[in-house]
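Please examine the sequence and the model shown below before reading on.

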Amino acid sequence: MKDKSKESAPGDGIRSLRSTMLFRAINYELYVKPNKSIMLFGVMAMLTCSGYLLYMRYKHDGTAYYESVEADGNVTFKKKTSRWLD
């Protein structure tokens, strides 16, 4: 390990501690500075995926049909009916 000539100051966090290269390789996120553009891209990707899933659920719940598999293996769409109203 290298000896650091720089003294640690308040706010340096875990970077100021002595550690091994294995620890730094395993815990890479602790030693790199945050990249705001990558963070923004990740947040936008997560929001887009969540929005798309919510959109698909909204569109599916609004339909009045469901898929039904017949005895011969054909898939047909049938209108939803309620047995409670009979």
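## A nonpolar surface patch

Leu40, Val43, Met44 and Leu47 together form a nonpolar patch on the surface, with about 400 Å² of accessible area. Such patches are made of residues with over 30% relative accessible area and no salt bridge; nonpolar side chains (Val, Leu, Ile, Met, Phe, Trp, Tyr) are joined within 5 Å, and like charges within 9 Å. Accessible areas come from the Shrake-Rupley method with a 1.4 Å probe, and for residues only the protein chains shown count as cover.

Leu47, one of the patch residues, lies in helix H2, which spans residues 36-61. Leu47 is exposed, because its relative accessible area is 54% and exposed means over 50%, buried under 20%, and partly exposed in between (1.4 Å probe, protein chains only).

## Basis of the model

This is a predicted model, in which local features need pLDDT of at least 70 and side-chain atom pairs count only at pLDDT 80 or more, while totals for chains, interfaces and linings use all residues. Residues are numbered from 1 along each chain as its sequence is written, and side-chain values use heavy atoms, with hydrogens and water left out.

## Overall organisation

The secondary structure consists of two helices and two strands, arranged from the N terminus in the order α-α-β-β. Helices (H or I, at least four residues) and strands (E, at least two) are DSSP runs, numbered from the N terminus.

Of the 86 residues, 3% count as buried. The protein exposes about 8,700 Å², of which carbon and sulfur atoms supply 62%. Among contacts (heavy atoms within 4.5 Å) with a separation of 6 or more, residues 24 or more positions apart account for 0%.

## The annotated segment

An unreviewed UniProt entry carries the annotation "transmembrane region" for residues 37-55. UniProt positions are given in the numbering used here, feature names are shortened, and annotations may be inferred rather than shown by experiment. In the model, residues 37-55 are 100% helix and 0% strand, with the end C-alpha atoms 27 Å apart.

## The strand hairpin

S1 pairs with strand S2 (residues 75-79) in the antiparallel sense over five bridges; two strands pair if DSSP finds at least two bridges between them. Five residues lie between the strands of this hairpin, where Gly73 takes a positive phi near 100°. Tyr65 has Lys79 in S2 as its bridge partner.

Ser68 belongs to S1, residues 65-69, and stands opposite Thr76 in S2. Ser68 counts as buried because its relative accessibility is 11%. Apart from neighbours within four places in sequence, Ser68 contacts Asn74, Val75, Thr76 and Lys78.

## The salt bridge

The structure holds one salt bridge, defined as a side-chain nitrogen of Lys or Arg within 4 Å of a carboxyl oxygen of Asp or Glu. Glu70 forms a salt bridge with Lys78, and the closest N and O atoms are 3.6 Å apart. Glu70 counts as partly exposed at 31% relative accessibility, and Lys78 counts as partly exposed at 34%.
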